[in-house]
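Let's take a look at how the inside of this protein is put together. Here is the structure, followed by a short tour of its packing.

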Amino acid sequence: MSNFAAISSSQPVYLEKQAKTDLFIAGIGAVGGTLIRQIHSLSDKEHFRIIGVCNRSRTLWTKSGDEIINRQSLAEGVLRDWEKIIEKLHPHPDRNLVFVDATGDHEVAGLYIRLFKKGIHVVTPSKLANTRKQAYFNLLQRTADENDVSFQYETNVGAGLPVIRTVKDLVKSGDRISEISGVLSGTMTYIFSQLDAGKPFSETVIQARQLGYAEPDPRDDLSGEDVARKMMILSRVSGFPIEREDLDVEPITPKALRDVDSATFLKRLSEFDNEWSDRLEALKEKGKTVRYIGKMTERGIKVGPQEIDINSPVARLYGTNNIIQIQTKRYDHQPLIIQGPGAGKEVTAAGVLADIRQISRNG
């Protein structure tokens, strides 16, 4: 049972003391919309009040926090104006105020420091702010600390899996990270497990897109950039500064299709079906297969497809599962392993909700 399922069950469960918390949610698409539904089904929902939401064009301010919030009601809101939104957001003396960025929008990611300075906590599944320059990453953490607010981004890696918090706790307790490696893309797990099952490359990629696992333009996933960003964040929270240009990233996007428009990319993808089926068939005869793996050490980050034993735990991943192996000074001979679904709106929204609860518990 997931954390969310546990806290929304009718069965009595122990809940830690929660401070009253107001929420402003930017983006009510897949993750933001699911988060709103999850909050309304909490057994202690009276602790949480959604005071406003917005999308790319509209803002809706609520009166009681119990109003129905969806795309239709938001369409009746006022035009979105970030200056007016930030001006209106003020923490109540007796309540936390959390800004949830579920947009994936660069402009929104650029607002965090202003929000911190107003005493507003920020929770986000978006990786955009944390993967800017190392100096900006440092500024975000420092500004949040200086203003005594929380910046929570557990869902930047592994959706609802406790990866970032585990790494931070290890570092804070005096341990030293020596290596983090594994499969950090649910989309890539789906694609390669389908290829192993004999599905054509083009069909697999298009199906991943239709199921919502891959981005509208699947090259955003096939480029390896999503995994690269996750590894950058893990490196930085491990205490190893790094810039994007320092990473070694090998995409699986066919070279001939990297610069064509999205429609042409999808139309021509079948030209590469035989290349992938021949490669995997040859590896299968040697007892091997391929998975898209990231590896981080103090010396740097390497991301790309790797040949692995077909009977290894990594090769047996299915669905959108991730597996992350954390090796440290203390966990040297037997590394920590975190495994589970690493993509999907339900688990991602539940991870965002867990971050909100963490802030509420801290008061």
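## The cores

A nonpolar core here is a set of buried Ala, Val, Leu, Ile, Met, Phe, Trp, Tyr and Cys residues joined through side-chain atoms within 4.5 Å. Buried means under 20% relative accessible area, with exposed over 50% and partly exposed in between (1.4 Å probe, protein chains only). The model is predicted, so local features need pLDDT of at least 70 and side-chain atom pairs count only at pLDDT 80 or more, while totals for chains, interfaces and linings use all residues. Residues are numbered from 1 along each chain as its sequence is written, and side-chain values use heavy atoms, leaving out hydrogens and water.

With that in hand, the largest nonpolar core has 75 residues, and Trp82, Leu89, Phe99 and Leu234 have the most contacts inside it. Helix H12 (residues 225-237) is the top contributor, giving seven residues to this core. Helices (H or I, at least four residues) and strands (E, at least two) are DSSP runs, numbered from the N terminus. There's also a second, separate core of 22 residues, which includes Ile28, Ile50, Ala349 and Val352.

Contact means heavy atoms within 4.5 Å. Setting aside residues up to four places away in sequence, Trp82 touches Phe24, Ala26, Cys54, Phe99, Glu107, Val108 and Leu111.

Rings of Phe, Tyr and Trp (its six-membered ring) pair if their centres lie within 6.5 Å; planes under 30 degrees apart count as stacked, over 60 as edge-to-face and the rest as tilted. That rule gives nine aromatic pairs. Phe24 and Phe99 are stacked, because their ring centres are 5.8 Å apart and their planes sit at 15°. Phe24 belongs to strand E1 (residues 21-26) and Phe99 to strand E5 (residues 96-101), so this pair ties together parts 75 residues apart in sequence. Phe24 is buried at 0% relative accessibility, and Phe99 is buried at 1%. Ring pairs also link Phe24, Trp61, Trp82 and Phe99 into a cluster.

## A lysine inside

Lys230 sits in helix H12. Is Lys230 buried or exposed? At 5% relative accessibility, Lys230 counts as buried. Apart from neighbours within four places in sequence, Lys230 is in contact with Lys127, Asn156, Val157, Leu184 and Ser185.

## Helix H9

Helix H9 (residues 186-196) is mostly covered, with 10 of its 11 residues buried. Among the buried ones are Met188, Tyr190, Ile191 and Phe192. The partners that the buried residues of H9 pack against include strand E8 (177-183), helix H10 (201-210) and helix H14 (273-285). After H9 comes Gly198, with a positive phi near 95°.
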